[in-house]
Amino acid sequence: MQEQGINKHMTFHRARHSFKTITAQRGILEKFAERMMGHTEGNDIKDIYTHLQDEDLIREILTKWIA
């Protein structure tokens, strides 16, 4: 945080909000961000009809986070 010039106390909850914001800014799919944060699949229509694999998650991270 010091490297980025952020002068706030980082709590676990704040870190999760920051992580989710960064994933949205980088265009990482909502479903992947939720999965990276440990959210389980729910009963939402997108959860019922969308079947993502770990390989899909890895590809998303490599192309939008690391690149």
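**Close-up views of a predicted model**

**View 1. Alanine 33 is a buried residue, with a relative accessible area of 0%.** In this predicted model, alanine 33 has its place in helix 2, which covers residues 30-36. When residues up to four places away in sequence are not counted, alanine 33 touches Phe19, Lys20, Thr23 and Ile28. The C-alpha atom of alanine 33 is separated by 9.6 Å from that of isoleucine 22, a residue 11 residues apart from alanine 33 along the chain.

**View 2. Threonine 23 has its place in helix 1.** Threonine 23 counts as buried because its relative accessibility is 0%, under the 20% that sets the limit for a buried residue. The side chain of threonine 23 reaches the backbone oxygen of lysine 20 at 2.8 Å.

**View 3. Helix 1 runs through residues 12-25 and has 14 residues.** From its first C-alpha to its last, helix 1 reaches 20 Å, which is close to the 20 Å expected at 1.5 Å a residue. Just after helix 1 comes glycine 27, which takes a positive phi of about 80°.

**View 4. Ile58, Leu62 and Ile66 form a nonpolar patch on the surface.** Together, these residues have about 300 Å² of accessible area. Isoleucine 66, one of the residues in the patch, has its place in helix 4, which covers residues 54-66. Isoleucine 66 counts as exposed because its relative accessibility is 55%, over the 50% that an exposed residue has to pass.

How values were computed: Residues numbered from 1 in each chain as written. Predicted model: local features only at pLDDT ≥ 70, side-chain atom pairs only at ≥ 80, totals over all residues. Heavy atoms only, no water. Helix = DSSP H or I, 4+ residues; strand = E, 2+ residues; numbered from the N terminus. Expected span 1.5 Å × (residues − 1). Buried < 20%, exposed > 50% of the residue type's maximum accessible area, 1.4 Å probe, protein only. Polar contact = N/O pair within 3.5 Å; in protein donor to acceptor, adjacent residues only side chain to side chain. Patch = residues over 30% accessible without salt bridge, like charges linked within 9 Å, V, L, I, M, F, W, Y side chains within 5 Å. Areas by Shrake-Rupley, 256 points an atom, 1.4 Å probe, with all protein chains shown as cover. Salt bridge = Lys/Arg side-chain N within 4 Å of Asp/Glu carboxyl O. Contact = heavy atoms within 4.5 Å.
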